[in-house]
Amino acid sequence: MGIERRNNVTVTGNPRGRTVVLAHGFGCDQNMWRLTVPALARDHRVVLFDYVGSGRSDPSAFSEERYGSLEGYARDVVEVCEALDLRDAVFVGHSVSAMTGVLAADAAPGRIGALVMVAPSPRYVDDEGYRGGFSREDIDELLASLESNYLGWSSATAPVIMGNPERPELGEELTNSFCATDPDMARVFARTTFLSDSRDDLKKVTVPTLVLECAQDVIAPREVGAFVHRAIPGSKLVTLDATGHCPHLSAPEATNEAITGFLAGLR
């Protein structure tokens with residue numbers, strides 16, 4: 001099976017421009033970047049894909065053993081980069097994909113030359129001296145609810161993650177995206193996401209990095225953005241005037257401006 005088919009790879013934009021890879025978060029797919037692609041396509045080659053188990057990827061390629069860790073999703077990224085023979089690409093990862101990009105950049109040096117981390121979190125569970133935003137009891141309850149009634153959990157949780165209650169169409173879109181994901185595969189991805197701890201991996205980042213946080217985000221509070229920024233030497237932190245965990249949908253103009261400004265400053 002070709003990687004392009006397995007991960008539903010789409011390539012668009014300027015074939016002569018630097019390649020930008022857009023990676024979605026949990027419960028989402030590449031369509032979530034539709035408001036970002038036009039801002040990049042004129043000057044950049046844009047690569048989109050779906051992780052196995054998400055979107056229009058090939059579900060037969062799913063393995064609980066592989067995707068039970070973030071390294072499995074990072075392998076998807078590396079294999080997409082290898083299949084397209086990408087060099088010095090800019091990897092834009094939303095939410096948990098920000099950490100997947102960190103792992104992929106370390107695993108395949110030369111393939112990824114810069115990182116944009118949109119609402120990242122290296123650990124969702126609070127720890128001594130670290131605020132991730134959730135207690136372990138919170139996460140255990142979240143996962144138990146997800147596993148017992150995935151559709152009900154999605155309908156209740158997606159609007160909270162999205163924020164912007166005055167714009168219910170945004171919450172509905174995220175709910176529909178969650179509900180379109182196979183519950184068994186979503187269960188694996190959720191456990192992998194919410195129980196991950198990638199704090200030590202941040203120290204390995206050696207490429208130019210932009211950290212984008214939202215002014216209000218129930219999933220990745222601003223203490224997390226500050227932590228990621230401190231942990232990655234030379235990184236740039238931008239706080240978007242945005243509410244919720246998906247600024248590329250709720251505040252696309254500000255998100256796109258930050259990303260294109262960062263890209264313009266790269267060599």
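**Close-up views of a predicted model**

**View 1. Contacts of V47.** In this predicted model, V47 touches V9, T10, V11, T19, V20, V21, L22, V80 and L84, leaving out residues up to four places away in sequence. V47 sits in strand β3, which spans residues 45-48. Is V47 buried or exposed? V47 has 0% relative accessibility, so the residue counts as buried, the cut-off being under 20%. One of the listed contacts, T19, is 28 residues from V47 in sequence. In space, the C-alpha atoms of V47 and T19 are 7.1 Å apart.

**View 2. Strand β3 and its partners.** Two strands are shown with β3: β1, residues 10-13, and β2, residues 19-23. How do β1 and β3 run, parallel or antiparallel? They run antiparallel, and four bridges join them. Within this pairing, G13 has R45 of β3 as its bridge partner. Strands β2 and β3 run parallel, again with four bridges between them. Here V21 stands opposite V47 of β3. V21 is also among the residues that V47 touches. In a regular strand, side chains alternate between the two faces of the sheet.

**View 3. N8, an asparagine with positive phi.** N8 lies in the loop between α1 (3-6) and β1. Its phi is near 50°, a positive value in a residue other than glycine. How accessible is N8? The relative accessible area of N8 is 19%; the limit for buried is under 20%, so N8 is buried.

View 4. N164 is not a glycine, yet its phi is positive, about 55°. Where does N164 lie? The residue is in the loop between α6 (150-162) and α7 (168-179). N164 counts as buried because its relative accessibility is 8%, against a cut-off of under 20%.

**View 5. R66 and its contact with E79.** R66 belongs to the loop between β3 and α3, the helix of residues 70-83. Its relative accessible area is 15%, so R66 is buried by the under 20% criterion. Which side chain makes a polar contact with the side chain of R66? That of E79 does, at 3.3 Å. Setting aside neighbours within four places in sequence, R66 is in contact with R6, G72, R75, D76 and E79.

Methods: Residues numbered from 1 in each chain as written. Predicted model: local features only at pLDDT ≥ 70, side-chain atom pairs only at ≥ 80, totals over all residues. Heavy atoms only, no water. Buried < 20%, exposed > 50% of the residue type's maximum accessible area, 1.4 Å probe, protein only. Contact = heavy atoms within 4.5 Å. Pairing = 2+ DSSP bridges. Polar contact = N/O pair within 3.5 Å; in protein donor to acceptor, adjacent residues only side chain to side chain.
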